[in-house]
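Here are some exercises to work through with the model open beside you. Try each task before you read its solution.

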Amino acid sequence: MKQENNTLFLDGAVTKVTVPALFAEQKNLDLNSITSIDGKNITELDSAGVAFIDGVLLQAKLTSSALVHLTSDHREQYHTFSSLALDAAPHVQSVPVFQQIGEGVLQWVSSLQDALYLTADIAFWSVVGLFNHKGQRKGAVEQQSLLIGVNAVGIVGLLSLVLGLILALQSAAQLRQFGANIYVADLIAISMVREMGPIITAILLAGRSGSAIASEIASMKVSEEIDALKMMAINPIRYIVVPKFHAITICMPLLVTLSNLVGILGGLIIGITYLDLSPTAFLNEVLNVLVLRDIVISLAKSEIFAWAIVIIGSYFGFHVKGGAEGVGRATTNSVVASIFAIILVDAIFSLVFYF
Amino acid sequence: MEKKPIIRVRNMVAKYGENTILQDINADFYPQQVTVILGSSGCGKTTLLKNILRLYQPESGSIEMFGVETMGMEETAFEALLGRMGMLFQNGALLNSLPVYDNIAIPLEQHTCLPPEIIRRIIEVKLNLVNLSHAINMLPSELSGGMRKRAALARAIALDPEILFCDEPSSGLDPLTSAAMDNLILKLKNQLKMSIVIVTHELASIHRIADRIIFLDQGKAVFSGTLQEAMNCNIPAVLTFFEVGKF
């Protein structure tokens, strides 16, 4: 490329391979003085080359008529790929900060509204579904109970046992100093039943089942399966969500009970092996310290956690946007939101019943 | 004198597990021509395309592209060849998480050192060619099936490939859009000297664009020649296809 008088001469290949170098070279030229571009010696031209020529023409404030001596083939190619005749493509306007905040708040309110509608729908169809199984797949509740409940027994049991062991071991070292060994039973029983049992089970289920619910529904939405269900006059909430809701309602208290028992068993193991307590003394202390109210609150809390997991998973599943990435985002968001909701509900329970 | 083939397939066998899909395929694809791969559903047309492009691994045989044997070729060497080819998939295969602009920018950003303003200009032009300028900032999920296919074509031609492969480019399109797509393919062939390989069933489209036909029947290439020769041949499967397709 060279500039002589008021003409810019292009030669050789003007293609995607040579354009980066030409682009750098053109910055050293006085484009304002150019009145024409001579393309006689261009041997090869492609769309990147045309885009480069268009850029030079625009900077020199020239039109395509200033491009001269192109071969007929190159002239035809130039017309095919020239962007000079195109309308400027719409650029994304930057949005002012306050508008962004306002839109964010409105979006949050709208999301909350959607979540409440979904909750109402799920609650309604779950009650209806107890008496009328129409619109649900046969055996869906059993299948979901297996996935959500039975398959989680191992991991819930193992984690609760380890948690019970750790809690007992950490507290035993302190209680031993005051000769209050037996109180390790009180500590384990109360902490497992009131807090650790329900919350550890709920967090596990949020990660295991909440993410599965969100990703399943989101994938179905993306692949138009939800639309297909609607077209078959099948309510997607009734067909997909209600069986999960019923299954988790049944399984969650059972899993929490398992977690409480196994956690206490962990405490018992430490009591026997480390604190020289007898099993009878340990269990008597556990039964003495636990009241029915604690157990009822523990189970009630676990039901609320379970419902939150299903509702939040479903909400993010049904509101997925985009494709594969959207499914991933919905899954992550559902787990984060479920854990947040679990801790919030737990705090509310603690304030209401134990403050 | 007939030009040297740009793609030359010899004795290619392709299998899915134990099932043989393509048997002993011999086919030549010539430069600056539109070659249409024809055949009934399930005869292995898309499989042939994907085996040529190494998206599936052929069982045996030889595939030459640009005069180079690609069977057993190193992955990096084949990637360099892929830069000279574009593919329009049957359902577009746009990345759903990216807007149309970013989808088309992928090959330009990954395979060239072009400055961003040149890339933007190329994308605008390619979208204008497929009549989709208004969709530049839209997500694929916001596009109709036909629009998605056109956006995918814009991505396939982003690098001005020497060979363009199209898997059923006009399926699911209305007749007007389909004709416009055919015109664009002819323009790409005539103006940019592209070689184009198309898998299609659409007879109207075949009559508009085909220079050569390769007809597959039950996994075998039973015919290879010009459109005129195909219509006058005495191979029952080919004749039936054109006869039934008239109605």
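**Exercise 1.** Find which residue forms a salt bridge with D211(B), and work out which parts of the chain the pair ties together.

*Solution.* Begin with the rule: a salt bridge is a side-chain nitrogen of Lys or Arg within 4 Å of a carboxyl oxygen of Asp or Glu. By this rule D211(B) pairs with K189(B), with 3.0 Å between the closest N and O atoms. D211(B) sits in the loop between α7 and β9 (212-217) of chain B and K189(B) in helix α6 of chain B, so the pair ties together parts that are 22 residues apart in sequence. Helices (H or I, at least four residues) and strands (E, at least two) are DSSP runs, numbered from the N terminus. Finally, check the cover, where buried means under 20% relative accessible area, exposed over 50%, and partly exposed in between (1.4 Å probe, protein chains only). D211(B) is partly exposed at 24%, whereas K189(B) is buried at 12%.

A word on conventions: this is a predicted model, in which local features need pLDDT of at least 70 and side-chain atom pairs count only at pLDDT 80 or more, while totals for chains, interfaces and linings use all residues. Residues are numbered from 1 along each chain as its sequence is written, chains are lettered from A and ligands numbered from 1 in the order in which they are written, and side-chain values use heavy atoms, with hydrogens and water left out.

**Exercise 2.** Locate R84(B) and E162(B), and explain what their salt bridge ties together.

*Solution.* The two side chains meet at 2.9 Å, N to O. R84(B) lies in the loop between α2 (75-82) and β6 (85-88), and E162(B) in the loop between α5 (145-156) and β7 (163-167) of chain B, so parts that are 78 residues apart in sequence are tied together. R84(B) is partly exposed at 33%, and E162(B) is partly exposed at 35%.

**Exercise 3.** Describe how domain 1 and domain 2 of chain B meet.

*Solution.* Take the bounds, which come from an automatic or database domain assignment: domain 1 covers 1-84 + 163-247 and domain 2 covers 93-160. Contact (heavy atoms within 4.5 Å) takes 12 residues from domain 1 and 10 residues from domain 2 of chain B. Together these domains bury about 920 Å², of which carbon and sulfur atoms give 80%. Buried area here is the accessible area (1.4 Å probe) that two parts lose on being put together, summed over both. On the domain 1 side, L164(B), M181(B) and L184(B) lose the most area, together 39% of what that side buries. Between these two domains of chain B there are zero salt bridges.

**Exercise 4.** How many salt bridges cross the interface of chain A and chain B?

*Solution.* Count the contacts: 27 residues of chain A touch 26 residues of chain B. The rule finds one salt bridge across this interface. K193(B) pairs with D73(A), the closest N and O atoms being 3.9 Å apart.
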